[in-house]
Amino acid sequence: MEALDRKAMLGPKIRRFRTDLGMSQTEMAGEIGISPSYLNLIEHNQRPVTVPLLFKLGQAFELDLKQFAEDDDAKTIAELAEVFSDPLFRDQPVRPAELQEFAAHSPNAALAMLRLYQAYRQVWENARTGSIDPGRDPLPDPGQPPSPMEAVRDMHQREANHFPELEDAAEALWQEAGLERNDLFRGLTLHLFKKKGLAVKVMPVHVMTDTLRRYDPHGRRILLSEALLPSGRCFQLAAQIAALADHDLIETVIDRLRPDDDETRNLLFVTLCNYFAGAVLMPYESFRTSAQELRHDLELLRRRFGASFEQVSHRLTTLQRPGARGIPFFFIRVDAAGNVSKRLNGGGFQFARYGGTCPRWVVHEAFRTPGQVHTQIARMPDETTFFTIARTLDSAGGWHAQLQPQFAVGLGCEIRDAKHLVYADGLDLPKATGATPVGVSCRLCERLDCSQRAYPPLNRTIRADQHMKKASAFTFEN
């Protein structure tokens, strides 16, 4: 009930919900037992939405109250803040309260503004770098997403990284194949042979080279590299099963998400196969129960389910089943140079769409001591506080270390949920003592005294002083 208590002013959301249903204020007011005039005041945030009233809404319209009460405008507001921090708007500063009002009262206009800015950024980047493919129109269609990868990330974000159809399919596979946790690879191999007549063969690295999995339809085989660890072999087999046996189901999910082009559609298909594979390795209810029982000890969870650290971390972000939710985690994967290859907002944390991450964030420290779990209490400029776990990933398998990409993952949640994590034991969570001041990214952060800043804020003018040097790389005009 914390979400219900924390967000009482839900008027614009109720208005959008009512209009989506095609109901008048009089009709909805009659359904929940209040006067139309009182509903009008609620919709204009002149009256708070009380918890009893939310229960009436839930009963009358079969709402998931926790999900309805969550602040789903936070991502839009964070992206709008990033847009209006651009130097393009330096002479027209927009206050946070204005952004909140814009997102709440004009959500479609806000999304249109974000789409327009994305198109502007893409044109600007093309013009600056000159990296224009001669075979393509140098000016992107403003109606298209900036890149297939960003488009797929946005689709996962809109679904809260939870796909019920794939969860059901994974559970059905366990029942149909009679899978057992302690012998999952053998169970998946037998299932593929019985249902599809496919043999599974583990091949030497010198044959597979840098390929981890290959489906050979003519030879009726699935070839796996010996470089894969046991968790990777199970994951790759499950992903191939999804591509073969659940192809139509995945296409149905993709149709619902409505990608704009074939490139995005194909990338989305692969990511959904991987989602299915994670659900097979870590079945929803048993994994959620184990996470609670083990207090989210990632090392014990990976051993119990025969999964990798990354697979377990990512799976924790998918536990969004109505009535059986886990902690809302955010997730990120970076390389040693700070490039972000995976990210998912969650628990109120918002990543920057343009640019990297804060250098003070603990995920970057993980590379100093590979294999060790790092923790951090991080406080954002708006005083919201998060708890983060970070660790480097183990190598994928047996080839030479020089060929192995190095990644670290960060998994975090709001400080109020940290009490459910074994990694937070012994910390003074209510006071968040010793919290590290961090930002979303250097270009958006207003912490002007930061000595680790890589770039100046977008909306600040640099002052070069010939007679003074501070610890920070930049000083700014007042």
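Q: Which residues lie nearest the centre of the second largest pocket, and how many residues line that pocket?
A: Keep in mind that this is a predicted model. The lining of the second largest pocket counts 49 residues. Nearest its centre lie Phe235, Asn274, Glu310, Arg333 and Lys342.

Q: How much space lies in the second largest pocket?
A: Start with the general idea. Rolling a probe the size of a water molecule over the atoms shows where empty space is left. In the second largest pocket, that space is about 1600 Å³.

Q: How do the residues of the lining of the second largest pocket divide by class?
A: There are 24 nonpolar, 16 polar and nine charged residues in that lining.

Q: Which residues line the largest cavity?
A: Take the lining by element. Helix 7 (74–84), helix 10 and strand 7 each supply at least two of its residues. Helix 10 gives the most, four residues. Among the lining residues are Lys75, Glu79, Glu150, Arg153, Asp154 and Arg343. Leu344, Asn345, Gln350, Phe351 and Arg353 also line the largest cavity, as does Gln157. By class, that lining has seven charged, three polar and two nonpolar residues.

Q: What lines the second largest cavity?
A: Its lining includes four cysteines: Cys358, Cys442, Cys445 and Cys450. Three arginines, Arg360, Arg447 and Arg453, also line the second largest cavity. The class count is five nonpolar, three polar and three charged residues.

Q: Is arginine 360 buried or exposed?
A: Relative accessibility decides, and buried means under 20%. Arginine 360 has 16%, so it counts as buried. Arginine 360 sits in the loop between strand 7 and strand 8 (374–379). Setting aside neighbours within four places in sequence, arginine 360 is in contact with Glu365, Gln376, Thr436, Pro437, Val438, Arg447, Cys450, Ser451 and Gln452.

Q: What is isoleucine 332 in contact with, leaving aside its neighbours within four places in sequence?
A: The contacts of isoleucine 332 are Val340, Lys342, Arg343, Phe351, Thr357, Trp361, Ala408, Val409 and Gly410. Isoleucine 332 belongs to strand 6. Its relative accessibility is 0%, so isoleucine 332 counts as buried. Its C-alpha atom is separated by 8.6 Å from that of valine 363, 31 residues apart along the chain.

Q: Why do the buried residues of helix 4 line one face of the helix?
A: First list them, then look down the axis. In helix 4 (residues 36–43), the buried residues are Leu39, Ile42 and Glu43. Seen down the helix axis, they fall within an arc of 95 degrees, so they line one face. These buried residues pack against helix 2 (11–21), helix 3 (25–32) and helix 5 (51–61).

Q: Which residue with a positive phi follows helix 4?
A: Asparagine 45 does, with phi near 60 degrees.

Q: Where is asparagine 161 placed?
A: Look in the loop between helix 10 and helix 11 (164–177). Asparagine 161 is not a glycine, yet its phi is positive, about 55 degrees. With 2% relative accessibility, asparagine 161 counts as buried.

Q: What is phi of histidine 296?
A: Phi of histidine 296 is near 60 degrees, positive in a residue other than glycine. Histidine 296 lies in the loop between helix 17 (284–293) and helix 18 (298–305). Histidine 296 is buried, at a relative accessible area of 7%.

Q: To finish, the whole protein. How many helices and strands does the protein have?
A: The protein has 19 helices and 11 strands. Of its 478 residues, 46% count as buried. The accessible surface comes to about 24500 Å², and 52% of that belongs to carbon and sulfur atoms. Among contacts between residues at least 6 apart in sequence, 61% join residues at least 24 apart.

Technical notes. Residues numbered from 1 in each chain as written. Predicted model: local features only at pLDDT ≥ 70, side-chain atom pairs only at ≥ 80, totals over all residues. Heavy atoms only, no water. Buried < 20%, exposed > 50% of the residue type's maximum accessible area, 1.4 Å probe, protein only. Contact = heavy atoms within 4.5 Å. Areas by Shrake-Rupley, 256 points an atom, 1.4 Å probe, with all protein chains shown as cover. 1 Å grid on protein atoms, 1.4 Å probe; cavity = no way out; pocket = protein on both sides within 12 Å on 5 of 7 lines; lining within 4 Å. Points joined across faces, edges and corners; volume = space filled by probe spheres on them. Nonpolar A, V, L, I, M, F, W, Y, C, P; charged D, E, K, R; others polar. Arc of directions from axis to C-beta.
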